[in-house]
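Q: Could you take me through how a few local features are read from a model, with the general idea before each case?

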Amino acid sequence: MAVGRQVKKAVMVALADENWEQKFSELMKDHPMQTLIAPLFSSLCAPSEIVRWHGVTSFGQVLCRLFAEDDARARIVMRRIMWMLNEESGGCGWGVPEAMGEITASNKVMADEYGRFLLSYIHEAEGKPENFLEFTLLLRGAMWGVARLAQSRPDIVNPATDDLIKFLATTDPVLVGIACWALGGLKAKQAVPQLKKLTGNGNIISIYMDRQLQSLTVGQLAQAALEKISGE
């Protein structure tokens with residue numbers, strides 16, 4: 001079996017393992033970071049949802065290490081991610097905005113350089129669609145990326161606060177729930193009235209937080225955001 005296929009198989013097995021963090025950490029010791037990039041892109045399209053999310057988390061770890069070793073190569077990977085979200089690429093961007101969020105949340109320099117591009121994917125300018133992702137699944141991914149970045153670098157996400165508040169009024173409970181998570185991370189006091197209206201929302205969504213896939217109601221996410229904002 002070719003080396004590339006062996007590494008890909010090893011990455012997929014590690015990401016599916018119960019002790020995936022330890023298994024993937026071992027792979028990072030055994031292989032150059034550049035060698036893990038292609039398998040991680042593949043993991044974003046894995047049939048298993050939890051493998052896809054573990055791939056997202058691992059992307060942040062690998063790009064952070066790659067940036068420390070060779071920042072130019074790390075920037076090439078980030079530009080590839082952004083190209084995959086460009087309509088002209090003709091490619092598939094599944095999992096890519098989530099990876100972008102994890103990478104920027106994990107690396108301050110990358111956040112400073114690319115965070116504003118991530119925000120642009122959820123910003124719908126009237127008459128000027130620009131980078132806004134209209135396809136719902138990609139938009140959910142971009143929202144998750146923004147919410148993830150908001151947890152660690154709220155200063156970069158603050159300019160998107162009005163956009164996030166608008167998502168609280170959408171009909172898609174996944175987008176609403178992720179917006180709650182993001183606004184809690186921002187401690188956005190201006191969102192309190194809308195968040196209070198959502199505390200009784202019983203729609204259950206699946207959301208990846210703290211490296212775990214969790215089933216929570218929108219109301220629970222809204223309440224958690226309110227508690228973060230109030231400092232409880």
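Q: Is Cys64 buried, partly exposed or exposed?
A: This is a predicted model, in which local features need pLDDT of at least 70 and side-chain atom pairs count only at pLDDT 80 or more, while totals for chains, interfaces and linings use all residues. Residues are numbered from 1 along each chain as its sequence is written, and side-chain values use heavy atoms, with hydrogens and water left out. Buried means under 20% relative accessible area, exposed over 50%, and partly exposed in between (1.4 Å probe, protein chains only). Cys64 counts as partly exposed because its relative accessibility is 26%, and Cys45, at 48%, also counts as partly exposed.

Q: How many disulfides are there?
A: A disulfide is a pair of cysteine sulfur atoms within 2.5 Å, and by this rule the count is zero.

Q: Why does the span of helix H11 agree with its number of residues?
A: Helices are DSSP runs (H or I, at least four residues), numbered from the N terminus, and the expected span is 1.5 Å times one less than the number of residues. Helix H11 has 14 residues (173-186) and should therefore span 20 Å, which agrees with the 20 Å between its end C-alpha atoms.

Q: How many residues of H11 are buried, and what follows H11?
A: Of the 14 residues in H11, 13 are buried, so that the helix is mostly covered. After H11 comes Lys187, with a positive phi near 55°.

Definitions and conventions:
Helix = DSSP H or I, 4+ residues; strand = E, 2+ residues; numbered from the N terminus.
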